[in-house]
Amino acid sequence: MKKVYIETMGCQMNKSDTERMLGMLSYLGYEEVKQAEKADLLMVNTCSIRQLSEDKAFSQLGVWGKWKQDGKNIKIGICGCVAQQKAQTIFKRAPYVDFVLGTHKIYALPEIIKKVNNGEKVCECSETNLTEDNLSKNYDIKRVKGVNAWIPITEGCNNFCTYCIVPYTRGRERSRLPEVILKEAKDALDAGFKEITLLGQNVDSYGKDFPTKQPEKPELANYRLAQLLRDLNSIDGKFRIRFVTSYPTDITDELIKTVVELDKVCEYFHIPMQSGSSEVLKAMNRRYDRETYAKIVKKVRDMVPDVTITSDFIAGFPGETEEQFEETLSAIDEFELDYSNLASYSPREKTVAARWVDKFIPEDVKDERFQRLNKKVQENCLKSNKKYVGRTMEVLIENFYEHKGQMINTGKTRNFKTVHIPFDKDLTGEFVNVKISGTKTWYLQGEIL
Ligand code: SF4
């Protein structure tokens, strides 16, 4: 049996693509291995959100290229966002690469592998405004073992935030058909997964493209995320449903009501704000200001009891002043954001903000702002966790391991809080009621009832 090794970088969307590619490769007789040295086919699934990950990908390819030059009989492929963006030029920079596969047509992989095994070099980076739903039905997905199954519902993005490379690497927004998503969810649940997380750059705009792209299916004209959640919720069995990422102004009242109504949909919203300053938000081409974001967060909090709201922020966007940065610090406090992912601004080729070189913030200032943001996120995470001490919460156990001689189960509450529970038996995959006995910065401590 042939062996494949895939190094996956970047976001959850890439991880999901890797699971799909492994599914296709198993049809071709490939078995996944965890050590690159043992593989006949080596692939790197790349991320271009930051320069660092791009550099890491080429350095990985360089190591494998050396093995090939030394006589090892291997094939090397690059896929993901860097592949989509750089296409043919990759062969010049890394001539030992056998194929380049972009993000739009990953279901071309089986054909590509056949050609590559016949000695051809292949580049498939053409764009499409359609999904690959018809092709995806032909293959199983080789999901990473665990309790949560990720299911992409949209690909690409139409927003063109000035710092973001996604519209250039993943293309315009495309919604996958509900029947395909529902089938993938049922398959995952049948295989033992206990949680479904719907994935997309902007899940709230799911279905908006159906009237133009699926005119032959009039029943989909008004099919949106809320309806998809209802259909998923009606699948039998005990499991949870989550969805990420929400664009603030695309969150509708209907969606919030649906989250409250449906028993399997969890009380969790990830709503990236990116900056607390309205001027910076404008420069970022985000379609809301601080006040609008405040109203949306308030509405979600008022309507969804115990909701956790997480966010993303960028430190040191071009032109960001100290005062504007302080507005971000105050936003995290004012909107009581439970947790936030942070990034220092990194200019990406093709994006609008990358041209504002004269406004770039020096690295040391960006680093210092990042550290202050990180401190603020920690304070707020602890503050948010304290609200739950003394409560009883349902936890879905995700992991079991030994820590300093003690066996620990860890899992998540419905509202996405991590809980550590000392307990000798492995409860992975089970829903347990837990008394929250204490808290650390990043997690709650609990006891099984
Ligand atoms: S909405 Fe998100 S994915 Fe789309 S361009 Fe903006 S930051 Fe990028």
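I began with S10 and S11: strand S10 (residues 195–199) pairs with S11 in the parallel sense over five bridges. I count strands as paired if DSSP finds at least two bridges between them. Strands (E, at least two residues) and helices (H or I, at least four) are DSSP runs, numbered from the N terminus. This is a predicted model, where local features need pLDDT of at least 70, side-chain atom pairs count only at pLDDT 80 or more, and totals for chains, interfaces and linings use all residues. Residues are numbered from 1 along each chain as its sequence is written.

Next I looked up what faces Thr197, and found Arg242 of S11 opposite.

Then I took in the sheet: it is open, has three strands in the order S7-S10-S11, and pairs in parallel. Its edge strands, S7 (148–152) and S11 (240–244), each pair on one side only. The twist averages 20 degrees from one strand to the next; angles run from 0 to 180 degrees between N-to-C directions, with axes fitted to C-alpha atoms, for helices over the stretch in contact.

Helix H1 (residues 12–27) packs on this sheet and touches S7 and S10, its direction making about 95 degrees with that of S7. Contact here means C-beta atoms, placed from the backbone, within 7 Å.

Last, I checked helices H10 (residues 225–233) and H11 (residues 253–261): their axes come within 9 Å and cross at roughly 15 degrees. H10 and H11 are therefore roughly parallel to each other (angles under 35 degrees count as such). I noted Leu225, Ala226, Leu229 and Arg230 of H10 meeting Glu254, Leu255 and Thr258 of H11.

How values were computed
Contact = placed C-beta atoms within 7 Å. Parallel < 35°, antiparallel > 145°, perpendicular 65-115°, else oblique.
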